[in-house]
Amino acid sequence: MNLAVRRGSRIHPHLRAPPHTPVAAGFLRLRLAMATTHHLCLLRPTVLSVPVRLRAPWPPHPRLPTAASSYHAPTHLRRLRPLPATAGGASPGGADGGKRPAPAATSFPLGAALVDFARSNFLPLALIAGIALGLMDPTLGCLAHKYSLSKYSTFGIFLISGLTLRTKELGAALEAWPAALFGLASILLFTPFLAQFIMQIKFFPHEFITGLAMFCCMPTTLSSGVTLTQLVGGNTALALAMTAISNLLGIMIVPLSLAKYIGVGAGVSLPTEKLFKSLVTTLLIPIILGKVARETSKGIAGFVDGNKQGFSVTSAILLSLVPWIQVSRSRSLLLSVQPKAFAVAVTVGVLLHFALLAFNASALHILSRLEQREVSVFARNEYARAVILVASQKTLPVLVAVVEQLGGALGESGLLVIPCVAAHINQIIIDSIIVNWWRQRDQQFANAK
């Protein structure tokens with residue numbers, strides 16, 4: 001629409017006005033106002049005000065308050081210049097006189113991120129909190145030890161393990177029985193063999209090294225190995241089978257391993273028979289009770305499956321009570337340990353986990369070459385990754401139960417547990433990094449196809 005009015009332009013004869021009168025100027029302003037009310041540019045919230053110069057040589061007159069002052073002239077009649085931004089992002093030509101409120105800034109959901117981090121890492125955080133609480137104020141921890149709270153907490157941990165243990169998925173691991181057999185042998189026979197080499201390390205306090213050597217003799221973790229296997233797309237049924245069987249057989253094999261590799265190295269005769277009976281009472285009976293309750297009542301099974309997060313949190317809290325009590329009892333001795341000694345013990349725990357990972361990965365590679373099949377069970381990623389993750393981890397609850405039953409036969413209980421807590425946390429962190437690397441590599445291969 002050409003809004004410039006030239007002299008001699010044709011106008012309806014009934015609307016024509018003399019060209020040099022104030023009436024003509026008002027008439028043209030009225031036409032401009034009527035035209036701009038139907039222009040699409042007025043639908044935008046931000047309005048640019050530009051002057052419209054009429055070519056008629058009429059004398060200037062006072063402007064009427066019409067909408068023509070906010071008209072967007074066509075591009076061939078005007079040159080647009082960028083307007084300076086106003087504070088808060090308000091538009092200078094808005095209906096509120098340029099004082100339009102700025103949109104609220106999107107704040108980072110820090111609270112939600114912290115809650116999600118706490119849920120994903122509740123067990124390590126609970127263990128660290130228990131240790132810190134015991135170091136700050138040992139009064140409550142010593143009182144809990146007086147009433148044998150750690151024994152009840154250990155019973156509760158394995159009762160929950162029995163409630164959450166599924167058997168229908170274990171049959172799916174029968175196809176990979178060679179991998180499962182190797183995993184069990186690695187957990188209960190091969191990796192405990194490393195304990196005798198760890199016992200050769202001369203270190204003060206000697207309980208740090210003894211605790212890590214005991215850690216080698218433990219079965220696999222109760223939950224983290226299965227969880228990481230599921231995250232990386234491994235065979236969860238195989239991981240569950242190795243976890244359940246190794247923890248059940250460990251009740252019989254762990255006392256023998258401790259007596260052979262730890263007791264001899266420490267020059268201490270361990271009460272193997274007494275320890276076996278104690279583990280049956282503390283570990284096996286609650287697992288059986290939980291499993292029987294799950295299998296006999298569908299309501300209990302459904303409730304447990306529907307509240308996995310709550311049972312996991314409860315188990316983590318019960319587990320954190322044990323290092324809290326042990327650290328409270330040994331607080332004065334722990335404070336006398338130099339930070340350098342603790343750093344060395346943590347480093348030994350990290351190297352131990354890397355040694356277990358390397359051993360299991362190398363053994364699977366060798367077995368895959370020896371097996372006479374087109375596609376070896378040991379070479380399939382879903383089986384190999386499950387075995388590597390589960391067979392390289394060691395459980396903390398069983399260690400805590402063993403330390404409780406030994407009653408200080410191998411040294412101060414708190415000093416035995418502390419390096420194992422650090423090793424338990426470090427193995428979860430290291431394996432999480434490995435799982436993420438595997439997933440990224442799988443994604444790259446999938447994108448390349």
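In the predicted model, two helices meet through a defined set of residues: P323, Q326, V327 and R329 of α13 contact S413, G414, V417, I418 and V421 of α18. Sorted by class, the contact between α13 and α18 comprises five nonpolar, three polar and one charged residues.

The geometry of this pair was then examined. Helix α13 spans residues 308-329, and helix α18 spans residues 413-448. Their axes lie 8 Å apart and form an angle of about 135°. An angle over 145 degrees would count as roughly antiparallel, and 65 to 115 as roughly perpendicular. The two helices, α13 and α18, are therefore oblique to each other. The crossing of α13 past α18 is left-handed.

G233 follows α9 and has a positive phi, near 80°.

These elements belong to a protein with 18 helices and zero strands. The protein has 449 residues, and 44% of these count as buried. Contacts were also considered by sequence separation. Among contacts in the protein with a separation of 6 or more, 82% join residues 24 or more positions apart. The accessible surface of the protein comes to about 24,900 Å². Carbon and sulfur atoms account for 64% of that surface.

Terms used
Residues are numbered from 1 along each chain as its sequence is written. This is a predicted model: local features need pLDDT of at least 70, side-chain atom pairs count only at pLDDT 80 or more; totals for chains, interfaces and linings use all residues. Side-chain values use heavy atoms; hydrogens and water are left out. Helices (H or I, at least four residues) and strands (E, at least two) are DSSP runs, numbered from the N terminus. Buried means under 20% relative accessible area, exposed over 50%, partly exposed in between (1.4 Å probe, protein chains only). Contact means heavy atoms within 4.5 Å. Accessible areas come from the Shrake-Rupley method with a 1.4 Å probe; for residues, only the protein chains shown count as cover. Axes are lines fitted to C-alpha atoms, for helices over the stretch in contact, and angles run from 0 to 180 degrees between N-to-C directions. Angles under 35 degrees count as roughly parallel, over 145 as roughly antiparallel, 65 to 115 as roughly perpendicular and the rest as oblique. A crossing is left-handed if the near helix is turned anticlockwise from the far one by less than a right angle, and right-handed if clockwise. Ala, Val, Leu, Ile, Met, Phe, Trp, Tyr, Cys and Pro count as nonpolar, Asp, Glu, Lys and Arg as charged, and the others, Gly among them, as polar.
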